[in-house]
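User: I would like to learn how to read a protein–DNA model feature by feature, with the cut-offs stated as we go. Could you take me through one?

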There are 2 protein chains.
Amino acid sequence: MDAYKYIKGAIIDGRFEPGMRLGEESLAKELNLSRTPVREAIKQLEADGLVVPLKRGVSVRNFTTEDIRQIYDLRTLLEGYAASQAAIYRTEEDLERMEIANLHYEKAIHKCKASDLASIKEIVDVNQQFHEVIVGAAKNAHIHFHLSKVVVVPIVYRSFYWYNQFQLQQSLEFHKIILQAIRHQEPERARIAMHEHIYQGRDHVLRHLENIKHNHPQEEEE
Amino acid sequence: MDAYKYIKGAIIDGRFEPGMRLGEESLAKELNLSRTPVREAIKQLEADGLVVPLKRGVSVRNFTTEDIRQIYDLRTLLEGYAASQAAIYRTEEDLERMEIANLHYEKAIHKCKASDLASIKEIVDVNQQFHEVIVGAAKNAHIHFHLSKVVVVPIVYRSFYWYNQFQLQQSLEFHKIILQAIRHQEPERARIAMHEHIYQGRDHVLRHLENIKHNHPQEEEE
DNA sequence: TACATATTTTTTGTATACAATAATCATGAG
DNA sequence: CTCATGATTATTGTATACAAAAAATATGTA
């Protein structure tokens with residue numbers, strides 16, 4: 001599914017702005033495809049909640065701060081639970097994978113002196129990998145499945161640009177706490193640490209959003 | 001989306017058995033449609049997790065008891081949280097709706113002397129309505145969205161046929177406890193009651209499955 | 001007979017065509 | 001000038017056609 005990845009990517013990195021209408025024909029032309037595969041991609045994106053159905057066609061979804069708060073609550077609940085379950089069911093292999101992911105994370109953070117696009121993207125990926133391993137270690141395929149579908153809010157993706165070195169280090173420390181709790185089979189501690197970790201991410205995003213709102217009172221686009 | 005509802009219905013009530021391959025062309029002929037809308041329906045069902053992709057085409061998913069256990073764990077987590085949030089954020093209108101849904105549930109249970117298809121279907125619907133209202137009262141649209149997508153396992157749907165009058169009454173009692181906890185704004189109590197309620201449902205399904213396994217050692221179909 | 005390769009058949013993925021419906025624009029009446 | 005109604009245009013939903021890939025079958029050889 002190529003059209004899907006293209007459109008999703010364009011939404012996430014902001015080329016398709018919230019509220020923008022997505023016509024099948026124009027997208028098809030842009031992608032040198034026929035409408036058929038574009039249609040399928042759009043249907044998928046609709047199921048993902050990234051686009052919103054209109055009476056005719058769809059438009060890029062606009063996420064409110066309330067949406068972001070709710071999505072983070074959901075993630076906290078699911079990933080917190082996953083962390084606690086991982087503390088119970090993790091294998092030695094799981095622990096090894098977490099260790100590796102965390103080492104990669106550490107390396108990516110320290111490499112990232114300049115806030116260039118590539119190294120930020122790497123941090124996002126490696127961070128995601130760590131969370132992924134934990135969810136995998138929880139041994140609940142259905143929670144894994146749903147977590148993979150928790151809406152990827154574009155603004156959240158881009159929020160990594162706004163971390164400073166201290167915040168990245170803080171984030172790494174929490175990864176270590178979570179990993180230790182899982183290693184020592186302390187489910188409640190793992191859950192709580194994951195909670196706090198994700199809530200810090202949430203607050204970071206919300207603060208960032210507040211700043212934007214204050215500096216650019218309103219720049220809408222239809 | 002008519003093809004979607006048709007196929008989903010056929011899977012849920014067992015006309016399309018687990019493992020059965022679903023060809024686009026044959027379904028299109030069965031529905032007097034072209035392949036295009038059938039294709040879209042199948043894509044949807046794939047996103048729902050009701051069919052499983054093969055190298056070519058899809059087949060009806062076969063749920064293991066482990067799947068069912070995991071799905072119920074997920075539901076417990078999400079609906080338990082929803083109940084606790086509902087206890088905080090419920091309006092008077094929410095309470096009224098819960099009351100009404102519960103009254104309907106009570107009526108449906110008592111009407112259901114004979115275990116005929118129609119009255120069972122009504123119980124399923126009204127029960128779902130009660131749960132729906134609670135999730136709505138939690139005021140988190142994203143949790144609502146995900147809960148609506150938690151896999152509808154066919155066997156679970158059909159498990160209502162196997163409730164006896166006592167179990168239905170028990171179920172109603174838990175509805176009442178949950179409702180009271182939400183009314184009195186006791187989040188933790190609401191969460192725990194919802195937990196127990198759903199786990200009882202899970203155990204009912206799993207017991208039912210054990211019986212089937214013992215009585216019909218194995219009747220497979222490809 | 002058993003296995004490997006070639007050929008046929010089936011089935012999916014994509015493109016295009018057409019019909020139906022919603023949105024837009026234009027025209028005319030009040 | 002404004003609103004309503006009708007004509008025009010744009011856009012989606014469905015059907016069909018064709019190409020590409022996979023599965024099934026057949027054929028030949030050891």
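User: Which of the 15 residues around DNA strand C come nearest?

Analyst: Before the case itself, the conventions: this is a predicted model, in which local features need pLDDT of at least 70 and side-chain atom pairs count only at pLDDT 80 or more, while totals for chains, interfaces and linings use all residues. Residues are numbered from 1 along each chain as its sequence is written, chains are lettered from A and ligands numbered from 1 in the order in which they are written, and side-chain values use heavy atoms, with hydrogens and water left out. A residue is near a strand if one of its heavy atoms lies within 4 Å of it. Around DNA strand C, the nearest are A:S34, A:T36, B:R35, B:R39 and B:R56; sugar and phosphate make up 51% of the atoms of this DNA strand that come within 4 Å of the protein.

User: Which atoms of DNA strand C do the side chains of A:T36, B:R39 and B:R56 reach?

Analyst: Here one looks for polar contacts, meaning pairs of N or O atoms within 3.5 Å; within protein, one atom must be able to donate a hydrogen and the other to accept it, and residues adjacent in sequence count only if both atoms are side-chain atoms. A polar side-chain atom of A:T36 is 2.9 Å from a base nitrogen, and an N or O atom in the side chain of B:R56 is 2.5 Å from a base oxygen. B:R39, by contrast, places a polar side-chain atom 2.7 Å from a phosphate oxygen.

User: Which element gives the most to the surface near DNA strand C, and how do the residues of that surface divide?

Analyst: Elements are DSSP runs numbered from the N terminus, helices being H or I of at least four residues and strands E of at least two. Helix 3 of chain A gives the most, with three residues. By class, Ala, Val, Leu, Ile, Met, Phe, Trp, Tyr, Cys and Pro count as nonpolar, Asp, Glu, Lys and Arg as charged, and the others, Gly among them, as polar; the surface has two nonpolar, four polar and nine charged residues.

User: Which residues come nearest to DNA strand D, and what polar contacts are found there?

Analyst: Of the 15 residues around DNA strand D, the nearest are A:R35, A:R39, A:R56, B:S34 and B:T36, and sugar and phosphate account for 49% of the DNA atoms within 4 Å of the protein. Among the polar contacts, A:R56 has a polar side-chain atom 2.7 Å from a base oxygen, B:T36 has one 2.9 Å from a base nitrogen, and A:E24 uses a backbone N or O atom, 3.4 Å from a phosphate oxygen. Helix 3 of chain B supplies the largest share of this surface, three residues.

User: Is A:H204 buried or exposed, and what does its side chain reach?

Analyst: Buried means under 20% relative accessible area, exposed over 50% and partly exposed in between, using a 1.4 Å probe and protein chains only. A:H204 lies in helix 10 (residues 187–215) of chain A and counts as buried because its relative accessible area is 5%. Its side chain reaches the backbone oxygen of A:S159 at 3.2 Å. With contact taken as heavy atoms within 4.5 Å, and leaving out residues up to four places away in sequence, A:H204 touches A:S159, A:W162, A:Y163 and A:Q167.
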